[in-house]
Amino acid sequence: MWRRRNKLNKPKPELPGISGAKLTLVVLTGILVLGLGIAYTLATYMRLNQAREDTERRWREVARLLDQDYLHLVEGESETTQPDNQIVGYSSLAAKVDRFRTAVDAQQQRLLADEVESMIAQNPANSDPAPKASTQLLSVVDDYNQGLEVERQILASPGGRILRVILVLRERVKFQINR
C-alpha cells in the first residue's frame with residue numbers, strides 16, 4: 001500500500017514543448033482568426049447578395065425591353081412572309097419567344113434570351129436581316145453586364161472564393177445582343 005501512495009503522490013513530469021499559457025494563447029489566436037474569417041465571409045455574402053439583387057433588377061429592365069423587341073420581331077416576321085416563304089425555324093423562334101415572355105424565373109428567361117439571340121444571329125439568307133437593337137436596349141444590356149462585373153469582382157475576393165466553394169456559385173456570363 002505504501003508503494004501505491006508513493007506512485008500517486010509523485011509529481012508528474014512536465015511535457016517538453018508548449019506550456020499551458022502558450023497553448024491557450026495559440027488556441028485563442030486561432031479562434032480569433034477563424035471568427036474574423038467568418039465575419040469577413042458573411043460581410044462578403046451580404047455584398048454579393050446585394051449585388052445579385054441589383055443585377056436581377058437590371059435584368060428585369062432588359063427583359064422588359066427584350067419582350068417588346070421579340071414580340072415586334074415575331075409579329076413582323078409573321079406579317080411580312082408568306083406561309084410558303086417563311087424563314088426556316090420561324091415557328092421554333094416564335095415558340096422560344098413565347099417561352100421567354102412567359103418565363104417567371106430570371107435564370108430561365110436569361111437562357112431563353114440567349115437562345116433567341118442565337119437564332120436571330122443565324123438568320124437564314126432567304127429572310128430579311130434582323131432589325132437592329134435599339135440604343136436603349138443596348139444601353140440597358142450594358143448596364144446589366146456592368147452589374148455582372150460587380151458580382152465577378154466580389155466573387156474574386158478572398159471571401160468570395162470561400163463563398164463560391166461553400167455555396168457552389170457559378171459565374172454568370174455577360175449577355176450579348178447578336179444584331
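Asp143 and Arg58 are joined by a salt bridge, with their closest N and O atoms 3.4 Å apart. Asp143 belongs to helix H5 and Arg58 to helix H2, so this link spans 85 residues of the chain. The term salt bridge means that a side-chain nitrogen of Lys or Arg lies within 4 Å of a carboxyl oxygen of Asp or Glu. The structure is a predicted model, in which local features need pLDDT of at least 70 and side-chain atom pairs count only at pLDDT 80 or more, while totals for chains, interfaces and linings use all residues. Residues are numbered from 1 along each chain as its sequence is written, and side-chain values use heavy atoms, with hydrogens and water left out.

## Overall make-up

The protein has six helices and zero strands, in the order α-α-α-α-α-α along the sequence. Helices (H or I, at least four residues) and strands (E, at least two) are DSSP runs, numbered from the N terminus. Of the 179 residues in the protein, 30% are buried. Here buried stands for under 20% relative accessible area, exposed for over 50%, and partly exposed for what lies in between (1.4 Å probe, protein chains only). The accessible surface comes to about 12700 Å², and 58% of this belongs to carbon and sulfur atoms. Such areas come from the Shrake-Rupley method with a 1.4 Å probe; for residues, only the protein chains shown count as cover. Among contacts (heavy atoms within 4.5 Å) between residues at least 6 apart in sequence, 78% join residues at least 24 apart.

## Salt bridges

The whole structure holds 13 salt bridges. One of them joins the side chains of Glu151 and Arg52, at 3.4 Å from N to O. Glu151 sits in helix H5 and Arg52 in helix H2, and the two are 99 residues apart. In another, between Glu56 and Arg172, the closest N and O atoms are 2.8 Å apart. Because Glu56 lies in helix H2 and Arg172 in the segment after H6, this pair ties together parts that are 116 residues apart in sequence. The table gives the accessibility of the residues in these pairs.

| Residue | Relative accessible area | Class |
|---|---|---|
| Glu151 | 3% | buried |
| Arg52 | 22% | partly exposed |
| Glu56 | 22% | partly exposed |
| Arg172 | 13% | buried |
| Asp143 | 31% | partly exposed |
| Arg58 | 16% | buried |

Salt bridges with shared partners join Arg52, Glu56, Glu151 and Arg172 into one network.

## Nonpolar cores

Which residues have the most contacts inside the largest nonpolar core? They are Trp59, Val62, Leu66, Tyr70, Phe100 and Phe175, in a core of 26 residues. The elements giving two or more residues to this core are H2, helix H3 (90–102), helix H4 (106–121) and helix H5 (135–156). H2 gives the largest share, eight residues. Apart from this core lies another, of six residues, among them Leu48, Ala51, Ile154 and Leu155. A nonpolar core is a set of buried Ala, Val, Leu, Ile, Met, Phe, Trp, Tyr and Cys residues joined through side-chain atoms within 4.5 Å.

Trp59 can be followed through its contacts. Neighbours within four places in sequence aside, Trp59 touches Leu66, Phe100, Ala106, Gln109, Arg110, Ala113, Tyr144 and Phe175.

## Helix H6 and the surface

The buried residues of H6 are Gly159, Gly160 and Leu163. Around the helix axis they cover an arc of only 95°, which puts them on the same side of H6. The arc is that of the directions from the helix axis to the C-beta atoms. On the other side of H6, Arg161 and Val165 are exposed. An α-helix has 3.6 residues a turn, so residues three or four places apart point the same way.

A nonpolar patch on the surface is formed by Tyr45, Met46, Ile162, Val165, Ile166 and Leu167, with about 590 Å² of accessible area together. Two or more of these residues come from each of helix H2 (20–80) and helix H6 (158–167). H6 supplies the largest share, four residues. Leu167, in helix H6, is partly exposed at 39% relative accessible area. Patches are made of residues with over 30% relative accessible area and no salt bridge, where like charges are joined within 9 Å and nonpolar side chains (Val, Leu, Ile, Met, Phe, Trp, Tyr) within 5 Å.

After H6 comes Val168, with a positive phi near 50°. Arg170 is in the segment after H6 and is exposed, with a relative accessible area of 69%. From C-alpha to C-alpha, Arg170 and Leu155 are 9.8 Å apart in space, and they are 15 residues apart in sequence.
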